[in-house]
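Please work through the exercises below with the sequence and the coordinates open beside you, and try each task before reading its solution.

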Amino acid sequence: KSGGGSHEHKKEKIKLVMKMFPEIAFHLIGDSGQHDPEIYEEISSEFPGRIKTVIIRIVNPSKDEKGRRERMEKIHNFYFVKNTEEAMEVAYRVS
């Protein structure tokens, strides 16, 4: 079952999947509207080498988002995109 729950709930679901499949590396895809960048940053540091790519769709390119994006983009596998097509291009390029 998916959906519902808090941001902590989402993080716990991802951790569960990571632990169930320890031999698999993952791509995490989300958006900037909630806390996906921060959740995925935490998951990436908790499971080093297991996250191939983090792709975040920018929901609201506001001035406040700029600092957040700049901080996250310093992480080698974080990509911020404008739309699904751009996300697919990034996924193809890094695979």
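The exercises that follow concern a predicted model, and each task is followed by a stepwise solution.

**Exercise 1. The chain as a whole**

Determine how many helices and strands the chain has and in what order the elements run, and then state what part of the residues is buried.

Solution. Step 1: the chain has four helices and three strands, and from the N terminus on the order of these elements is α-β-α-β-α-β-α. Step 2: of the 95 residues in the chain, 34% are buried, where buried stands for a relative accessible area under 20%. Step 3: the chain exposes about 6300 Å², of which carbon and sulfur atoms supply 54%. Step 4: if contacts with a separation of 6 or more are considered, 70% of them in the chain come from residues 24 or more positions apart.

**Exercise 2. Helix H1 and its buried side**

Check whether the span of helix H1 agrees with its number of residues, and then find which residues of H1 are buried and what they pack against.

Solution. Step 1: helix H1 covers residues 7-20, and with 14 residues at 1.5 Å a residue it should span 20 Å; the C-alpha atoms at its ends are 20 Å apart, so expectation and model agree. Step 2: Lys11, Ile14, Lys15 and Met18 are the buried residues of H1. Step 3: these residues lie on the same side of H1, because the arc they cover around the axis is only 100 degrees. Step 5: the elements against which the buried residues of H1 pack are strand S1 (26-31), helix H2 (36-46) and strand S2 (51-57).

**Exercise 3. Lys15 and its surroundings**

Describe the salt bridge of Lys15, decide whether Lys15 is buried or exposed, and list its contacts beyond the neighbours within four places in sequence.

Solution. Step 1: Lys15 has its place in helix H1, and its side chain meets that of Glu12 in a salt bridge of 3.9 Å, N to O. Step 2: the two partners, Glu12 and Lys15, are three residues apart in helix H1, which means that about one helical turn separates them. Step 3: Glu12 is partly exposed, with a relative accessible area of 40%, but Lys15 is buried, with a value of 12%. Elsewhere, salt bridges with shared partners join Glu8, Lys11 and Glu42 into one network. Step 4: once its neighbours within four places in sequence are left aside, Lys15 is in contact with Glu42, Ile43, Glu46 and Phe47.

**Exercise 4. A surface patch and a buried glycine**

Identify the residues that make the nonpolar surface patch, and then examine the contacts of Gly30.

Solution. Step 1: Leu16, Val17, Met20, Phe21 and Ile24 make a nonpolar surface patch of about 420 Å². Among them, Ile24 is found in the loop between H1 and S1 and counts as partly exposed at 34% relative accessibility. Step 2: Gly30, by contrast, has its place in strand S1 and is buried, with a relative accessible area of 13%. Step 3: apart from its neighbours within four places in sequence, Gly30 is in contact with Asp36, Tyr40, Ile55, Ile56 and Arg57. Step 4: Gly30 and Ile58, although 28 residues apart in sequence, have their C-alpha atoms 9.1 Å apart in space.

Key
Residues are numbered from 1 along each chain as its sequence is written. This is a predicted model: local features need pLDDT of at least 70, side-chain atom pairs count only at pLDDT 80 or more; totals for chains, interfaces and linings use all residues. Side-chain values use heavy atoms; hydrogens and water are left out. Helices (H or I, at least four residues) and strands (E, at least two) are DSSP runs, numbered from the N terminus. The expected span of a helix is 1.5 Å times one less than its number of residues. Buried means under 20% relative accessible area, exposed over 50%, partly exposed in between (1.4 Å probe, protein chains only). The arc is that of the directions from the helix axis to the C-beta atoms. Contact means heavy atoms within 4.5 Å. A salt bridge is a side-chain nitrogen of Lys or Arg within 4 Å of a carboxyl oxygen of Asp or Glu. Patches are made of residues with over 30% relative accessible area and no salt bridge: like charges are joined within 9 Å, nonpolar side chains (Val, Leu, Ile, Met, Phe, Trp, Tyr) within 5 Å. Accessible areas come from the Shrake-Rupley method with a 1.4 Å probe; for residues, only the protein chains shown count as cover.
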